[in-house]
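Here are my notes for you, point by point. Have the structure open while you read, and click on each residue as it comes up.

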Amino acid sequence: MTRDSRYDPLFEPIQLGPVTAPNRFYQVPHCSGMGYHRPQMMAAMRGVKAEGGWGVVCTEYCSIHASSDETPYPSASLRDADDVSNLRLMTDAVHAEGALAGVELWYGGFTSANLYSREVAMDVASLANEAKLGVPVQSQAMTLDDIQAFRQMHCDAAKRALDAGFDIVYVYGNHYYLLHNFLNPCFNQRDDEYGGVAENRVRLLREVIEDVRAIVAGRAAVAVRYSIPPNFADDPQGLIECFGYISELPDLWDITVNDYHLEMGSSRFVKEAANQTAIAALKALTSKPIVSVGRFTSPDTMLNQISAGTQDMIGAARPSIAEPFLPRKSTEGRLEDIRECIGCNVCYAHNSLGVPIRCTQNPTMGEEWRRGWHPERIEARHADQSVLVVGAGPAGLEAACALGQRGYRVILAEAEQELGGRINQESRLPGMAEYARVRDWRLGQLGRMENVDIYPENRLDADAIIGLESQHIVIATGASWRSDGVGRWRNTAFTGCDHADVVGVEQILRGRIPEGRVVIYDDDHYYLGTSVALLARANGCHVTLVTPAESLAGWSHFTDEHGPTMQALVEAGIEWVTARSLIGFEPGRVLLQCVFSGKPSQLEADQLIPISARIADDALWLALEGRRSELEQQGLLSLQRVGDCRAPGIIAAAVYAGHKAARELGCQQSEFKRDRVVV
Ligand code: ADP
Ligand code: SF4
């Protein structure tokens with residue numbers, strides 16, 4: 001198939017100073033959890049994106065000095081010849097596919113606690129380390145000599161960037177890193193020529209742009225990452241005025257809004273292209289090309305930006321993670337094959353945890369090098385054999401999809417009428433509609449596979465399965481939420497857990513409406529507790545969330561959902577109590593205990609919804625294991641369980657497990673390759 005000509009504007013080349021990008025698809029710098037620790041992994045991942053058609057592919061933030069170290073968050077590095085060799089792996093991989101490679105030179109400032117290097121961070125002033133890690137250290141206020149040294153660091157790094165083969169070199173002027181902090185009058189209270197009026201505050205950024213330009217002149221483009229207020233009229237940092245002094249200096253502007261919760265917003269709170277009004281307003285202030293992100297997941301929204309003249313290139317981090325082949329599928333007219341990002345921020349969460357990113361939608365993300373997985377190619381079946389997949393949640397759907405792609409004869413059986421498992425319930429929670437894409441993309445793919453037969457409303461038991469005489473069986477029967485409070489905090493049931501007013505969250509997920517004064521006990525610490533709270537509140541309940549932890553929904557800090565979640569709870573009028581464990585339920589009240597002192601307390605409640613751990617639904621797998629010899633007599637070659645029925649976890653883990661089972665069927669299972677620096 002060929003491209004619909006209306007998408008042509010997305011495929012027009014564009015001049016960026018001395019280099020030409022082949023199209024408008026631009027993978028902006030994004031963290032990967034790989035950085036300088038895992039250069040082969042990073043190179044392969046970025047190379048796959050270039051293969052998928054992204055015209056520009058950038059690194060993550062790339063440290064230019066030992067005093068810019070955000071360990072435990074992994075960054076790339078461009079500090080010496082070894083770094084140049086490592087990053088060459090990436091530029092070679094990107095160039096091999098005809099794309100441009102960009103590098104984001106980075107000096108952190110007060111955000112860098114330098115836990116690994118033990119150096120002192122410089123910044124515009126002596127500022128306390130940022131709240132995320134909250135390390136009790138401060139930066140050193142820069143002297144004029146420090147400013148000269150800082151400029152020299154950029155010059156040296158820009159030379160190395162050329163040595164490494166980069167086509168675009170970034171100056172990093174936002175995200176509360178050093179150059180941004182000079183712009184900000186709250187931080188910059190200097191009385192020298194770098195402080196005071198906007199022209200002075202922007203001086204260092206201007207000088208660094210000019211320095212880098214002079215180094216890379218004619219050989220690479222200079223891009224500047226810069227942020228603007230989401231609302232132009234409200235600009236306490238004077239970012240628009242500062243912009244006026246440098247608007248024509250770079251070859252490309254990479255613009256974000258000055259609010260990370262908006263820029264990186266999860267789909268629960270921020271929708272596609274949410275910030276483009278502000279971007280469009282800035283576009284009028286420069287003649288230079290602009291790239292900007294907006295979690296654009298579909299080529300149509302991308303096209304709208306180019307057609308409306310809001311921006312010249314389409315910036316993407318998450319959409320390129322979920323669908324590395326988005327540009328290529330767009331140009332091949334395969335729009336229905338585009339796997340759109342769901343905005344869950346599980347990718348970001350794993351960088352926050354210091355490990356390689358992964359993706360709920362794209363199970364191959366991060367596995368391109370170490371497991372050799374490609375998002376579009378998969379080994380053909382090893383033999384003409386049949387596979388029965390039981391359960392059509394994320395794990396079963398992904399397994400059936402990948403097995404179907406390999407060419408096996410697949411039967412997918414699902415007990416419910418609706419395929420999708422947990423996705424069906426969770427995507428109906430407030431703000432979570434985009435999670436349905438996990439189900440819908442796979443159903444779309446399966447619907448086009450003639451070798452896959454799907455049987456909804458078929459709850460299979462061991463007898464029925466034995467009768468099917470399948471050669472391979474993949475059990476993906478999922479898990480269900482406990483209602484007895486057993487989880488991280490408790491390992492025994494709370495008293496009164498079988499009372500009629502104790503409502504299991506499974507019932508809520510299946511449509512029961514909470515009533516009256518509701519207490520939700522959240523010992524899960526991710527999105528479910530707070531989502532159910534918002535649902536109950538929307539149904540008019542008085543809602544109190546209780547958690548044994550010191551803050552609500554603690555894991556959502558990693559996905560950057562915590563702040564918006566708390567804001568939503570406050571705005572909805574939901575109350576919460578922390579550091580209380582659940583002891584029991586009596587009609588009309590929930591009995592609690594302080595986790596520190598053991599002091600008892602109680603809350604009035606008509607209903608209690610406990611959310612703690614889940615129970616793997618492994619009964620079918622156990623029954624089949626017990627009858628393995630019967631199955632083998634009928635030709636069974638393999639039996640495995642995947643996803644939540646093996647070990648309950650996040651949706652991304654279930655998709656990954658389903659994919660892995662399908663990839664490895666009939667193949668030798670191998671340990672993944674380990675990235676390591678050889679001395
Ligand atoms: P996962 O996240 O591991 O994919 P889910 O709980 O989302 O798990 O999905 C499991 C699916 O398996 C559900 O849709 C459920 O209805 C289905 N299922 C459970 N037991 C059976 C069975 N015996 N036969 C067919 N389908 C089943
Ligand atoms: Fe999108 Fe979630 Fe994948 Fe990140 S992990 S790219 S947010 S689907």
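1. Let's begin with Asn 174. Setting aside neighbours within four places in sequence, Asn 174 is in contact with His 180, Arg 225, Tyr 226, Ser 227 and Thr 256, where contact means heavy atoms within 4.5 Å.

2. A word on the ground rules. This is a predicted model, in which local features need pLDDT of at least 70 and side-chain atom pairs count only at pLDDT 80 or more, while totals for chains, interfaces and linings use all residues. Residues are numbered from 1 along each chain as its sequence is written, chains are lettered from A and ligands numbered from 1 in the order in which they are written, and side-chain values use heavy atoms, with hydrogens and water left out.

3. Where does Asn 174 sit? Look in the loop between strand E9 (168-172) and helix H4 (178-183); helices (H or I, at least four residues) and strands (E, at least two) are DSSP runs, numbered from the N terminus. Asn 174 has 0% relative accessibility, so it counts as buried. Buried means under 20% relative accessible area, exposed over 50%, and partly exposed in between (1.4 Å probe, protein chains only).

4. Now hop over to Val 224, in strand E10 (residues 221-228). The C-alpha atoms of Val 224 and Asn 174 are separated by 9.0 Å, although the two residues are 50 apart along the chain. Val 224 is buried too, with a relative accessible area of 0%. Leaving aside neighbours within four places in sequence, its contacts are Val 171, Leu 205, Ile 209, Pro 250, Leu 252, Trp 253 and Asp 254.

5. Next, helix H7 (residues 239-246), whose buried residues are Leu 239, Ile 240, Cys 242, Phe 243 and Ile 246. They cover an arc of only 155 degrees around the axis, which puts them on the same side of H7; the arc is that of the directions from the helix axis to the C-beta atoms. Their cover includes E10, H4 and helix H6 (203-216).

6. On to charges. How many salt bridges are there? The count comes to 48, a salt bridge being a side-chain nitrogen of Lys or Arg within 4 Å of a carboxyl oxygen of Asp or Glu. One of them pairs Glu 434 with Arg 295, with the closest N and O atoms 3.0 Å apart. This pair links distant parts of the chain, 139 residues apart. Are these two buried or exposed? Both Glu 434 and Arg 295 are buried.

7. Compare that with Arg 334 and Glu 376, whose side chains meet in a salt bridge at 3.6 Å, N to O. Arg 334 lies in the loop between helix H12 (326-331) and H13, and Glu 376 in the loop between H13 and strand E14 (386-390), so the pair ties together parts that are 42 residues apart in sequence. Arg 334 is partly exposed at 23% relative accessibility, and Glu 376 is partly exposed at 22%.

8. Finally, the ligands. Around ligand 1 there are 23 residues, and Ala 395, Glu 414, Arg 422, Leu 460 and Asp 644 come nearest; the cut-off for being near is a heavy atom within 4 Å. An oxygen atom of ligand 1 is 2.6 Å from an N or O atom in the side chain of Glu 414. For Asp 644, the side chain likewise has an N or O atom 2.6 Å from an oxygen atom of the ligand. With Arg 422 it is a backbone N or O atom, 2.8 Å from a ligand oxygen.

9. Ligand 2 is surrounded by 13 residues, the closest being Cys 341, Cys 344, Asn 345, Cys 347 and Cys 359. Which helix gives the most to this shell? That is H11, with three residues.

Note on methods:
Polar contact = N/O pair within 3.5 Å; in protein donor to acceptor, adjacent residues only side chain to side chain.
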